[in-house]
Amino acid sequence: MGTLSLFVFIDAFGWELVRNRSFLEPEARIKKPLETVFGYSCTCDPTIITGVPPREHGHFSFFAYDPVKSPFKPLQALRVLPRSLVDRGRVRNKISQFVQKAYGYTGYFQLYAVPFKYIHLFDYSEKRDIYLEGGINGGQPSVFVLLDKAGIPYFRSDWRKGEKEAVADLSAALAGGRPRLAYLYLAKMDALLHAKGTQAAEVGAMIDGYQDTLRAVLADARKSYDEVRLFVFSDHGMTDIVRSSPLMAEIDATGLVFGRDYAAVYDSTMARFWFLREGSRATIEAILGKSKDGRILDNATLHDWGIDFADRRYGELFFLLHPGVLLCPSFMGTKPLAGMHGYDPGSPGSRASFISTVELEKAPEKLADLFSLMKRESGLGV
Ligand SMILES: [Zn+2]
């Protein structure tokens with residue numbers, strides 16, 4: 001019998017969803033917004049487990065401009081296939097699975113809707129499982145690597161598994177009362193919010209379901225531990241989509257040639273550009289300057305948000321859409337969505353959340369503070 005610190009990560013369970021609900025009351029002692037990191041889960045999660053900003057851990061978006069090191073040159077052959085076929089989700093998933101296996105990638109891998117005619121220009125940023133040793137591009141050890149090295153027993157759910165299985169794995173691991181820290185990852189909320197938006201009735205039902213699950217896990221864990229300290233958090237929130245931006249077509253219409261004059265990655269909420277020929281920057285900046293859909297991020301903002309990458313690997317120019325505007329079609333998808341994240345981290349819908357069933361001297365303010373909290377809780381030190 002000892003103490004368990006249980007960290008439950010509910011993807012996209014942002015402050016706007018938490019603030020007006022009685023979730024986990026009366027057990028919850030702390031409920032507060034948590035400052036997110038600009039980007040997507042592939043940006044936020046490395047910060048949660050290493051405590052450093054993107055410029056240091058080197059993870060930001062899946063695709064980075066790197067025509068020399070791109071592993072995707074053979075995939076260019078697929079450009080002859082009709083888009084109506086290769087843009088189908090199932091077909092893309094099959095091709096992604098095949099590539100992942102062929103290349104031995106252990107990270108989260110998905111080709112999304114990146115056009116095959118341009119894919120040879122880009123490298124992929126999450127080839128390795130970020131939770132394992134050597135998984136972080138910047139070389140930082142994650143909290144789990146530190147726990148391994150210190151010989152502190154812990155449980156971490158497998159992100160490849162569904163929620164039911166993950167919860168069952170957790171219960172089994174806790175039954176012996178051995179892990180000092182447990183980390184449960186729940187991903188379904190993110191998918192539901194993308195599909196239905198934050199106001200759908202299913203969202204409330206899912207949150208109620210999470211509450212029941214966590215109460216059952218708590219009751220169960222208390223049989224094997226003297227004290228169970230529960231922390232629930234998210235990586236970001238979710239913003240309801242009000243309209244789409246046709247930015248991709250607008251840039252195409254300039255007549256500039258992709259791959260010769262410029263390169264771009266169109267994420268769901270931002271466009272990132274690299275300029276390959278003189279004059280192309282001015283042409284593209286003129287279009288972006290007139291756009292009502294978003295704004296160009298200046299250097300001070302890139303620095304504040306921790307995305308001023310020295311090698312400009314993730315973009316020489318970042319254009320961020322306003323909250324609620326979806327870049328669609330984009331390299332991430334061709335169909336509209338009801339919710340998206342990856343907007344200005346200061347916008348209300350972007351904020352993550354933090355809930356604790358114990359009082360804390362130093363409650364986390366931002367994602368990186370979760371790393372410090374996990375270290376303190378597990379006895380790794382400050
Ligand atoms: Zn998401």
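This note walks through a predicted model, from the whole chain down to single residues.

1. **Overall size.** The protein chain has 382 residues, and a compact globule of that length would have a radius of gyration near 21 Å. The chain has 21 Å, which agrees. Along the principal axes, the C-alpha atoms fill a box of roughly 70 × 40 × 40 Å.

2. **Make-up.** The protein chain holds 13 helices and 16 strands. Buried residues are 39% of the 382. Take the contacts with a separation of 6 or more: 76% of them join residues 24 or more positions apart.

3. **Domains.** The domain assignment gives three entries. Domain 1 is built from separate stretches, 3–55 + 147–239 + 352–378. Domain 2 covers 63–124, and domain 3 covers 242–336.

4. Strand β7 (residues 227–233) pairs with strand β16 (residues 352–356). The two are antiparallel and share 3 bridges. For a landmark, find Val232: Ile355 in β16 stands opposite.

5. **The sheet of 4 strands.** A further open sheet has the order β10-β11-β13-β12, with antiparallel pairing. Its edge strands are β10 (262–266) and β12 (294–296), each pairing on one side only. Here the twist averages 20° from one strand to the next.

6. Strand β11 (residues 270–275) and strand β13 (residues 317–321) run antiparallel, joined by 4 bridges. Arg272 faces Phe318 in β13 across this pairing. Helix α11 (residues 280–290) packs on the sheet and touches β10, β11, β12 and β13. The direction of α11 makes about 160° with that of β11.

7. **Helix α7.** How far apart should the ends of this helix be? At 1.5 Å a residue, the 13 residues of α7 (residues 163–175) should span 18 Å. The end C-alpha atoms are 18 Å apart, so expectation and model agree. After the helix comes Gly177, whose phi is positive, near 70°.

8. **Ala166, in α7.** Ala166 lies in helix α7. Leaving out residues up to four places away in sequence, Ala166 touches Ser157, Asp158, Lys161, Leu184 and Tyr185. Tyr262 is 96 residues from Ala166 in sequence, and their C-alpha atoms are 44 Å apart.

9. **Ala77, in a loop.** Ala77 sits in the loop between β3 (63–65) and α4 (83–86). Ala77 is exposed, because 10 other C-beta atoms lie within 10 Å and the limit for exposed is 12 or fewer. Lys117 is 40 residues away from Ala77 along the chain, yet 8.0 Å separates their C-alpha atoms.

Definitions and conventions:
Residues numbered from 1 in each chain as written. Predicted model: local features only at pLDDT ≥ 70, side-chain atom pairs only at ≥ 80, totals over all residues. Expected span 1.5 Å × (residues − 1). Pairing = 2+ DSSP bridges. Axes fitted to C-alpha atoms, helices over the stretch in contact; angles between N-to-C directions. Contact = placed C-beta atoms within 7 Å. Rg over C-alpha atoms; globule rule 2.2 N^0.38 Å. Buried ≥ 20, exposed ≤ 12 C-beta atoms within 10 Å, placed from the backbone. Domains from an automatic or database assignment.
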